[in-house]
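Work through the following exercises with the sequence and the model side by side, trying each task before reading its solution.

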Amino acid sequence: MHEDRRFPPPSGLAAEANVTAAAYADAASDRIAFWEEQARRLDWGRPWTNALEWEPPFARWFEGGLLNVAVNAVDRHVDAGHGDQVAIHWEGEPGDTRTITYAQLKDEVCKAANALVELGVRAGDRVMIYLPMIPEAVFAMLACARLGAPHSVVFGGFSAEALRNRIEDARARVLITADGGFRRGRPNALKPAADEAAEGTGIERVLVVRRTGETVPFTEGRDVWWHDLVDRQSAAHTPDYFDAEQPLFILYTSGTTAKPKGILHTSGGYLTQAAYTHHAVFDLKPDTDVYWCAADIGWVTGHTYIVYGPLANRATQVMYEGTPDTPHRGRFWEIIQKYGVTLLYTAPTVIRTFMKWGEDVPAKYDLSSLRLLGSVGEPINPEAWIWYRDTIGGGRTPVVDTWWQTETGAIMISPLPGVTAAKPGSAQVALPGIAADVVDGDGVPVPDGGGGYLVLTEPWPSMLRGIWGDPERYADTYWSRFAGQGFYFAGDGAKKDGDGDLWLLGRVDDVMNVSGHRISTTEVESALVSNPQVAEAAVVGATDPTTGQGIVAFVILRGGAADKGPELAAELRDHVAREIGPIAKPRQILVVPELPKTRSGKIMRRLLRDVAENRSLGDVTTLQDSSVMDLISAKLPTSK
Ligand code: 6R9
């Protein structure tokens, strides 16, 4: 799809925008002073003396400053008279709800903090959190933050084995979990996996939230119910103030290698950028907006844009426990209508799923409260972008395509909704105070129109401070590639268009090399889904004896489109050739019923490459649904 339209900000939004074009100029004139200005959004127990100490690749921001992250997210709003404002409209999957004001949130966080102290948690101790999307997940994270005890949240969909590896790597002594949560209309037990993971590790105490009410194994002496321990605590807790560089959390990323990386984030710089970017990119007006980030707390998006950014900014937000199709495919739109959601943040894979389900589903709901839509997690193809804006945003709302990573801690590249004329498919510009570029293999910036590797050329406040327990791997993974220039290597391919706007092209390991031409899997996918017969596509580069790599495409057809066999494949190949060029023609097109996705919604191209190259499948444990691979394999020609 060639989408050349530009979408300037709606004039009303631009006139009232939290952040205007002046921010770019401010930040350009003195980047450090700009971030100091943003840090003043927070309440500090003692101001910093040195804004940035940079001994590449190790940074310390706001040195000498003291703050309490939980106080910034909760107490200060209550103290300022906003205790009755709703912090969280929680919606359980079965339809039960809880409304939590800032005053109640403060009580819950203080009680949980006192409970953790009773369990022996002290500043610096790591606490594992393995919970469904329930309010206690937020209480638990903030209670840890209040105590200066870094949390490590493990997504509830991860296996016992994955949890155990993380417990061991973090050397945690306390685990917070639940009997289970509700998913796809059924209780989904967590406690058995938590037990299996904790067995034989350093975990001494397990705090268990009752959510589903199902009977679960319980180890006397080690396990304690949340409602027994937390509910009897005092709601008074005097916070300590911690160093700006106090570790706040460790979040493991499922990387390309077998051992997950424990990405370490600290307090002052992280919270500064979380709060600033949430304010700037979502244009949050705390008195009137209702914000909803539909991510899971187990991912960085949930950390920064459900917990820390929005709460630091006194947002009223929706939190939803379940899946978008339970009990029906209109659940998201029903929630938006019910709470009058104004700002929505979700992922392209979710948007494409909604496209697959058809426009008549959202059409049944009143979505007129929406004023801004955000996207995160992967490049958004122009079709999905336009569909999101038109079908969900009524053709009125800006769409902000936000590029960032677990490692960056907060949004780095995104349009500003009141400033940027948006280009569908492009994340466009580094935020004020952020320095990004695209360089060639030698680290030399490419001219406009060129492509290469995305790098971050200056340290930023919410940057990872390291990989937990492995400084060498940190230096090696992110800083060795362009050591000469001192650039952070993001692992993403990107190009600059004629205006200098940035287009993210997917992970570098997903960029194919076909006959010496660099072709992005994303570009080919985007071309395929611009064909009206295709709902979703995943493309991999499979080793090819003559061209280096050959392009293999896995496609899901839209409802109503028929698999016409070779005729369809030929049509789609020609379509791609028309959209990008003959060089991008897939060697092979396979129509499949589903695509293998991780639980965070990223397509697992590695598995598709295994299929395309006739290899036995690698590790499938991070798949959301491992039976998908059987469905795909069944579609394959038996021999090649
Ligand atoms: C926040 C998050 C990071 C990787 C990143 C990139 C991809 C995220 C994107 C995007 C293009 C966007 N990514 N947002 N690619 N456009 N707007 O997703 O963190 O799970 O660590 O993933 O996701 O490839 O390198 P994380």
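**Exercise 1: Charged pairs**

E91, R331, E334 and K338 are joined in a network of salt bridges, where a salt bridge is a side-chain nitrogen of Lys or Arg within 4 Å of a carboxyl oxygen of Asp or Glu. The model is a predicted one, in which local features need pLDDT of at least 70 and side-chain atom pairs count only at pLDDT 80 or more, while totals for chains, interfaces and linings use all residues. Residues are numbered from 1 along each chain as its sequence is written, and side-chain values use heavy atoms, with hydrogens and water left out.

Task: determine how many salt bridges the rule counts, and then characterise the pair R371 and D289.

Solution. The count comes to 38 salt bridges by this rule. In one of them, the side chains of R371 and D289 meet at 2.8 Å, N to O. R371 sits in the loop between α14 (360-363) and β19 (372-376) and D289 in the loop between α10 and β16, so the pair ties together parts that are 82 residues apart in sequence; helices (H or I, at least four residues) and strands (E, at least two) are DSSP runs, numbered from the N terminus. As for accessibility, D289 counts as buried because its relative accessibility is 3%, whereas R371, at 22%, counts as partly exposed; here buried means under 20% relative accessible area, exposed over 50%, and partly exposed in between (1.4 Å probe, protein chains only).

**Exercise 2: The domain interface**

Task: describe how domain 1 and domain 2 meet, beginning with their bounds and ending with the salt bridge across the interface.

Solution. The domain assignment, which is automatic or taken from a database, gives domain 1 (11-434 + 445-492) and domain 2 (515-634). Their C-alpha centres lie 31 Å apart, and 18 residues of domain 1 are in contact (heavy atoms within 4.5 Å) with 16 residues of domain 2. Across the interface the rule finds one salt bridge. R352 forms a salt bridge with E536, with 3.7 Å between the closest N and O atoms. On the side of domain 1 that touches domain 2, the elements giving two or more residues are α13 (348-357), α15 (382-392) and β22 (451-456), and the largest share, four residues, comes from α13.

**Exercise 3: The surroundings of V290**

Task: decide whether V290 is buried or exposed, and list its contacts beyond four places in sequence.

Solution. V290 is placed in the loop between α10 (268-281) and β16 (291-293). Its relative accessibility is 11%, so V290 counts as buried. Leaving aside neighbours within four places in sequence, V290 contacts T316, V318, Y339, G340, V341, T342 and L343.
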